[in-house]
Amino acid sequence: FDIQTAGRKLQSVVSDILDFSELDSGKMEVVEDVYNITSTINEVINLTLARKSEKNIELIVDCDSEIPRGLLGDEQKIRRVIMNLMDNAIKFTHEGCVTIGITARKESYGVNLCVTIRDTGIGIKPKNLEKLFASFSQVDAKRNRVTGGVGLGLAISKALVQKMGGFITLQSEYGKGSEIKFVIPQ
C-alpha cells in the first residue's frame, strides 16, 4: 500500500513538472474535440474516491442534467484541472465534505462550462491567497511535506484554464473551507 501511494505521488509530481515546462515554454496546445462531461466527471469521481482512502469525508456531486452531451473542448486538460482541484480539496479536508458542482451557461458562441469545488477544509488565511497560484509556492511548506505536492497544481490549473480561454477564482475562509470555481468556453 505504501509503495503504491508513493508511486502515485511521484507520478503526480513528474506530471506536474512536465506540464509546467510545456506551459512555461509555450509549447502546450489546446486540442479540442467533442466529449461528454458526464463521462469525464464519472472518471474523476472514481479516481477521487480511490484517493480519499480512509478519510471520513463525504463527496457530493451536483451535475446539471441540462449540460449538452457533446461539448467541444480539451477534455484531457479539463479533467486535469478538476483532478488537481479535487485532490487539493480532499488533501486539506479532514472532516465534513467536498462538493463538486458542474453547470453550463448558454452563450451566443456556445456554452460556458462552470465547475465549482467547495470543501469544509482548513481554508486559507487572507494574506496567503495571492501566493496560492504562484509556481512552486506553498502556503505552509511544513504541512505540505506531510500531505505531499510541490506547489504546482494550482499554478498549472490556472494556466490551463487561461490557455483554454477561461478564468479561475478562489474564495476561502480560514478554518472553514474554500470554494474554487473555473469557467471555460466550450
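Which residue just after α5 takes a positive phi? Please start there and tell me about the surroundings.

Guide: Happy to! Just after α5, the residue with a positive phi, of about 85°, is Gly-165. Before we look around, two notes on reading the model. This is a predicted model, in which local features need pLDDT of at least 70 and side-chain atom pairs count only at pLDDT 80 or more, while totals for chains, interfaces and linings use all residues. Residues are numbered from 1 along each chain as its sequence is written, and side-chain values use heavy atoms, with hydrogens and water left out.

Helices (H or I, at least four residues) and strands (E, at least two) are DSSP runs numbered from the N terminus. Gly-166 counts as buried because its relative accessibility is 16%; buried means under 20% relative accessible area, exposed over 50% and partly exposed in between, with a 1.4 Å probe and protein chains only. Beyond residues up to four places away in sequence, Gly-166 touches Val-161, Val-183, Ile-184 and Pro-185, where contact means heavy atoms within 4.5 Å. Although Gly-166 and Val-183 are 17 residues apart in sequence, their C-alpha atoms are 5.3 Å apart in space.

Now step back into helix α5 itself. Its buried residues are Gly-153, Leu-154, Ala-155, Ile-156, Ser-157, Leu-160 and Val-161. The axes of α3 (residues 75-91) and α5 (residues 153-163) come within 9 Å and cross at roughly 150°. So α3 is roughly antiparallel to α5. Axes are lines fitted to C-alpha atoms, for helices over the stretch in contact, with angles running from 0 to 180 degrees between N-to-C directions. Angles over 145 degrees count as roughly antiparallel, under 35 as roughly parallel, 65 to 115 as roughly perpendicular and the rest as oblique. The α3 and α5 crossing is left-handed: the near helix is turned anticlockwise from the far one by less than a right angle, whereas clockwise would be right-handed.

Which residues form this meeting place? From α3 come Lys-77, Arg-80, Val-81, Asn-84, Leu-85 and Asn-88, and from α5 come Gly-153, Leu-154, Ile-156, Ser-157, Leu-160 and Val-161. This contact contains 6 nonpolar, 4 polar and 2 charged residues. Here Ala, Val, Leu, Ile, Met, Phe, Trp, Tyr, Cys and Pro are nonpolar, Asp, Glu, Lys and Arg are charged, and the others, Gly among them, are polar.

Take a moment with Lys-77, which sits in α3. With a relative accessible area of 13%, Lys-77 is buried. Leaving out residues up to four places away in sequence, Lys-77 touches Met-28, Glu-29, Val-30, Leu-160 and Met-164.

Helix α3 has another neighbour too. The axes of α2 and α3 are 10 Å apart, and the two helices pack at an angle of about 30°. They are therefore roughly parallel to each other. This time the crossing is right-handed. Among the α2 residues that meet α3 are Ile-41, Val-44 and Leu-47, and the α3 side includes Ile-82, Met-83 and Met-86. By class, the contact of α2 with α3 has 8 nonpolar, 2 polar and 6 charged residues.

Not counting residues up to four places away in sequence, Ile-82 touches Ile-41, Val-44, Ile-100, Val-115, Ile-117 and Phe-182. The largest nonpolar core has 38 residues, and Ile-82, Met-86, Ile-100, Ile-117 and Phe-182 touch the most other members. A nonpolar core is a set of buried Ala, Val, Leu, Ile, Met, Phe, Trp, Tyr and Cys residues joined through side-chain atoms within 4.5 Å. Elements giving two or more residues to this core include α2 (37-52), α5, β6 and β7 (177-185). Helix α3 provides the largest share, 8 residues. In soluble globular proteins, nonpolar side chains tend to be buried together.

Finally, here is the wider setting. The chain has 5 helices and 7 strands, and 40% of its 186 residues are buried. Among contacts between residues at least 6 apart in sequence, 72% join residues at least 24 apart.
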